[in-house]
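Let's take a friendly walk through the charged pairs of a protein model. Have the viewer ready and follow along from pair to pair.

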Amino acid sequence: MLTLPPSVRVYVAAEPTDLRKSFDGLSSLVEQRFGADPLCGHLFVFRNRRGDQVRVLFWDRTGYAIFAKKLARGRFHLARDLPKGATHVEVEAAELSLMLEGLDLSQAVRRKRWRPGVRNMDVSKQRLMEARRIDTQRAS
């Protein structure tokens with residue numbers, strides 16, 4: 001399990017990437033596809049066309065670092081479906097950790113958890129807000 005501070009976000013590219021790219025090539029993809037600054041300290045995940053390799057690019061305050069993994073058998077799968085036309089999707093550190101283990105979470109069910117400040121909100125409204133990545137604590 002990856003242990004990342006809550007301030008670090010994990011972004012996964014929606015489209016396959018040519019993983020022959022190195023530090024400069026992947027950092028330029030972060031700027032182009034994600035519209036983000038690669039020096040921000042967040043993790044940017046790229047998969048190849050076959051889905052058996054993954055690279056994670058991040059800045060560690062002194063320089064770029066790339067974590068690479070190739071599965072001997074199987075494919076890397078995202079835990080969720082990508083929205084149409086999306087260039088990337090934000091995932092939790094736990095989802096990335098399970099993805100790196102090669103687990104397919106498409107059939108997994110996320111159980112409801114208690115969160116402060118969401119008591120009086122309609123369930124359909126809450127799901128819509130979560131899908132749009134709106135902080136439900138501020139909205140209630």
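**Charged pairs in the model**

R9 and E90 are joined by a salt bridge between their side chains, with 3.7 Å from N to O. Keep in mind as you look that the model is predicted.

How exposed are the two partners? R9 has a relative accessible area of 41%, which makes this residue partly exposed. E90 is partly exposed as well, at 22%; the buried class covers values under 20%.

Now step back for a moment.

Move on to D18, which forms a salt bridge with R20. Here the closest N and O atoms are 2.9 Å apart. D18 is partly exposed, its relative accessible area being 35%, whereas R20 reaches 75% and counts as exposed, because the exposed class takes values over 50%.

Finally, turn to D52 and R50, whose side chains also meet in a salt bridge, with an N to O distance of 3.7 Å. Is D52 buried or exposed? With a relative accessible area of 8%, D52 is buried, because that value falls under the 20% cut-off.

Notes: Residues are numbered from 1 along each chain as its sequence is written. This is a predicted model: local features need pLDDT of at least 70, side-chain atom pairs count only at pLDDT 80 or more; totals for chains, interfaces and linings use all residues. Side-chain values use heavy atoms; hydrogens and water are left out. A salt bridge is a side-chain nitrogen of Lys or Arg within 4 Å of a carboxyl oxygen of Asp or Glu. Buried means under 20% relative accessible area, exposed over 50%, partly exposed in between (1.4 Å probe, protein chains only).
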